[in-house]
Amino acid sequence: MHEAVAVNPWAALAYLVAGVCFILALRGLSSPASSRRGNRLGMAGMALAVGTTLVTHLFSSNIVVDARQVTGGLQVNAGALGEIFVAILIGAVIGITTAQRIKMTDMPQLVAAFHSLVGLAAVLVAVAAFANPGAFGILDAATGHIEPVSRIEMGLGIAIGAITFSGSVIAFLKLNGNMSGKPILLPARHVINLGILAAILLLIAYFVTDDATAVFAAITVLSFVIGFLLIVPIGGADMPVVVSMLNSYSGWAAAAMGFTLHNTAMIITGALVGSSGAILSYIMCKAMNRSFISVIAGGFGAVAGPSGGESIDRPWKRGSAEDAAFLMGQAEQVIIVPGYGMAVAQAQHALREMGDLLKKQGVRVKYAIHPVAGRMPGHMNVLLAEANVPYDDVFELEDINGEFAQTDVAFVIGANDVTNPAAKTDKTSPIYGMPVLDVEKAKTVLFIKRSMGGVGYAGVDNEVFYMDNTMMLLADAKKTVEEIVKAMG
């Protein structure tokens, strides 16, 4: 017969409070000004949820079987509890060490790696539940098999978890430079993807009627494969959407495993992460003029097109830090456009110092943020917040794009794809249709990049480099900004 863990009302209340903390955390993370408070609330909610789970299993030894109370249940013995705390300690040491040593430029890779761990955890929980369903309270005593409802939860959980794991591994390799950021378009990829997805769904449906090991293994293997195939064809320009999408997948995987573990906190947390990640992915796709379905279906509709990987051999103007300092000092308004190059050079602090000096000279300074600048959602916002750039000076694309035509200087620091006019005119470009910042409309464009030989992450050259109103500042971004600050002094 069906077994269910007895619910402690105090545990239910604690999980509810933890859920409220998670909701408030998401609310806080919606704005840079309240992000620190949001993080603290999220940590407090997670600490409460983990603590409640441990206390519940430590002191509660009753389960309900056929409305009869039986002792024994899922009580955690002292040895198991010791192992849990050792695991928590190891994880805490790794987490704290990683947080202290990780560079901001590597943050997208770290996020992708974390997503892979969540997916792998979901897979391992499903494997453990399949191997020992009695310990998880999902064994039907009458038939000796896993309950049909639990099979659905387990099948979906392991499928989503495996897709999250393998997809996140590919995202990590692309972000870390171990794989090309260009789309890798396999022959007949759509037919293959749809076939594998259909096979997974059919196997999950069959798994409900027959919990054979072979069926469970087939679902797991195919899910690992489709996760790989879905992310490989997605190019670098869409990688921030991929990171957000994988975040959503990890949430749904956690929620599915929450049902298997009878853990309310996991269900709540997973649902919040899954839904918020999906909403963020949709918003970003809309901002980039991308089809949400196309992206999550593995770049459906993408075409190979020309590589665009070579820079154009055309005349361009080169400037110096002194030239840039003079031009910005004479301006009425300067719009600063940060990109991944700023993150690589860790130039955000020098950039804020430059902005402060310009303000002292009576120049209006604003920062323009593209929704996919960098390698993950909010990458530039985090860097500018780290440098204590005033939140009121930071504007999103839709709020500031109309001001470039009335701006004296657009100061672009390491942002290529998000300022490329090819997105508006070249239908063969991999970034075509993506809204970009109209920096070319400013009276003068100061563009910092390391060399003219490189191209953006999407692998296309930028027409702005060769325009008459553009002055290229070819050097390390941080060094260049520091030289500009020195020239202003």
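Predicted model: local features only at pLDDT ≥ 70, side-chain atom pairs only at ≥ 80, totals over all residues.

Trainee: OK, how many salt bridges are in the whole structure?

Mentor: A search turns up 8. A salt bridge here is a side-chain nitrogen of Lys or Arg within 4 Å of a carboxyl oxygen of Asp or Glu.

Trainee: Which residue does Asp393 meet in a salt bridge?

Mentor: Lys359, at 2.3 Å from N to O. Asp393 is in the loop between helix H14 and strand S8 and Lys359 is in helix H13, so the pair ties together parts 34 residues apart in sequence. Helices (H or I, at least four residues) and strands (E, at least two) are DSSP runs, numbered from the N terminus.

Trainee: Is Asp393 buried or exposed?

Mentor: Buried, at 13% relative accessible area, whereas Lys359 is partly exposed at 33%. Buried means under 20%, exposed over 50%, and partly exposed in between, using a 1.4 Å probe and protein chains only.

Trainee: Switching topic: what does Asp476 pair with?

Mentor: Arg450, with the closest N and O atoms 3.0 Å apart. Arg450 counts as exposed at 56%, and Asp476 is partly exposed at 24%.

Trainee: And which residues are linked in a network?

Mentor: Lys424, Asp438, Glu440 and Lys441 are joined by salt bridges.

How values were computed: Residues numbered from 1 in each chain as written. Heavy atoms only, no water.
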